[in-house]
Amino acid sequence: MGKGPGLYTEIGKKARDLLYKDYQTDQKFTLTTSSPTGVAITSAGTKKGDLFLADVNTQLKSRNVTTDIKVDTSSNLFTTITVDEPAPGLKAIFGFRVPDQRSGKIELQYLHEYAGISSSIGLTANPIVNFSGVLGTNVLALGTDISFDTKTGNFTKCNAGFSFTNADLIASLALNEKGDSVNASYYHIVNPSTNTAVGAEVTHSFSTNVNTITVGTQHALDPLTTIKARVNNAGKASALIQHEWRPKSLFSISGEVDTKSIDKSPKVGLALALKP
């Protein structure tokens, strides 16, 4: 377990990663190259049906400053500048997108032994202000995540969450969408030596009275190969196998079937990430 409660985004993250991370029904290829001077270039392409999306990201590191510049097939230019530790526990992030002149945003993150705070503001005349804070320890944490639109004077987001972390389990409870939905998640390490874990997530919407339940598991066949599976109460079952065929180079194949509509063709996704 890490030191301190972390940021609000880490509440329930282990369960989310187990249940959703790396699953996909598209075809994706990623190639990363780096130089001794600290420059890394990542080219990525994704095929979604008949649509092909691509982007190129260049990352430059100089001491505690990291600059990311990404260009995509829609001619958008994304720039993110991250300054690590300008003061103890502090991180500053500045980002903007060209040609969108209203996309500029500044974010500050602060990590303490008993607190984790993140705050951002858009660089516009009437910005949206985001704030999230977590108090507690690496065992118990309580936090909130809110967004305020200064143009309308309304809160656009108001969430609250709680998490409990033990040596082999993590449980969390969150109230989202201004109190309209509640989410509970559970992550349990069954066998650390084989990276075997199980997880579950339950979401209830008060306005629609709809429940969504997802359960999943993962297991390492060997130090380089991991399999995952999940199923939800809508009858959709997914499976994934990921193999690290060389350091930091991964090949993944995943599939999804709708058990309530067996006549439908299963969806299959492939992902190849190369890092020479």
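Phenylalanine 251 is part of strand β18, where strands (E, at least two residues) and helices (H or I, at least four residues) are DSSP runs numbered from the N terminus. With a relative accessibility of 37%, phenylalanine 251 counts as partly exposed; buried means under 20% relative accessible area, exposed over 50%, and partly exposed in between (1.4 Å probe, protein chains only). The model is predicted: local features need pLDDT of at least 70, side-chain atom pairs count only at pLDDT 80 or more, and totals for chains, interfaces and linings use all residues. Residues are numbered from 1 along each chain as its sequence is written, and side-chain values use heavy atoms, with hydrogens and water left out.

Phe251 belongs to a nonpolar surface patch with Leu221, Ile227, Ile241, Trp245, Ile253, Val268 and Leu270, and together these residues have about 660 Å² of accessible area. At least two patch residues come from each of β17 (236-246), β18 (249-258) and β19 (267-274). Patches are made of residues with over 30% relative accessible area and no salt bridge; like charges are joined within 9 Å, and nonpolar side chains (Val, Leu, Ile, Met, Phe, Trp, Tyr) within 5 Å. A salt bridge is a side-chain nitrogen of Lys or Arg within 4 Å of a carboxyl oxygen of Asp or Glu. Accessible areas come from the Shrake-Rupley method with a 1.4 Å probe, and for residues only the protein chains shown count as cover.

## Loop residues

Isoleucine 262 sits in the loop between β18 and β19. Its relative accessible area is 64%, so isoleucine 262 is exposed. From aspartate 50, isoleucine 262 is 212 residues away in sequence and 24 Å away in space, C-alpha to C-alpha.

Arginine 63 is in the loop between β3 (51-62) and β4 (65-72), and its relative accessibility of 88% makes it exposed. Glutamate 177 is in the loop between β12 (169-176) and β13 (181-191); this residue is exposed at 55% relative accessibility.

The peptide bond between valine 98 and proline 99 is cis, with omega about 20°. Proline 99 lies in the loop between β6 (90-98) and β7 (105-112).

## Aromatic contacts

There are two aromatic pairs. One of them is phenylalanine 94 with phenylalanine 96, a tilted pair at 5.6 Å centre to centre and 45° between the planes. Rings of Phe, Tyr and Trp (its six-membered ring) pair if their centres lie within 6.5 Å; planes under 30 degrees apart count as stacked, over 60 as edge-to-face and the rest as tilted. Phenylalanine 94 is partly exposed at 29% relative accessibility, and phenylalanine 96 is partly exposed at 31%.

Lysine 70 lies over the face of phenylalanine 78, 5.2 Å from the ring centre. Arginine 230 lies over the face of tyrosine 23, 4.2 Å from the ring centre. The criterion is NZ of Lys or CZ of Arg within 6 Å of the ring centre and within 35 degrees of the ring normal.

## Overall dimensions

The protein has one helix and 19 strands. Its radius of gyration is 21 Å, close to the 19 Å that the globule rule gives for 276 residues, so the protein is as compact as a globular protein of that length. The radius is taken over C-alpha atoms, and the rule is 2.2 Å times the number of residues to the power 0.38.

The C-alpha trace spans about 55 × 45 × 40 Å along its principal axes. Of the 276 residues, 30% are buried.
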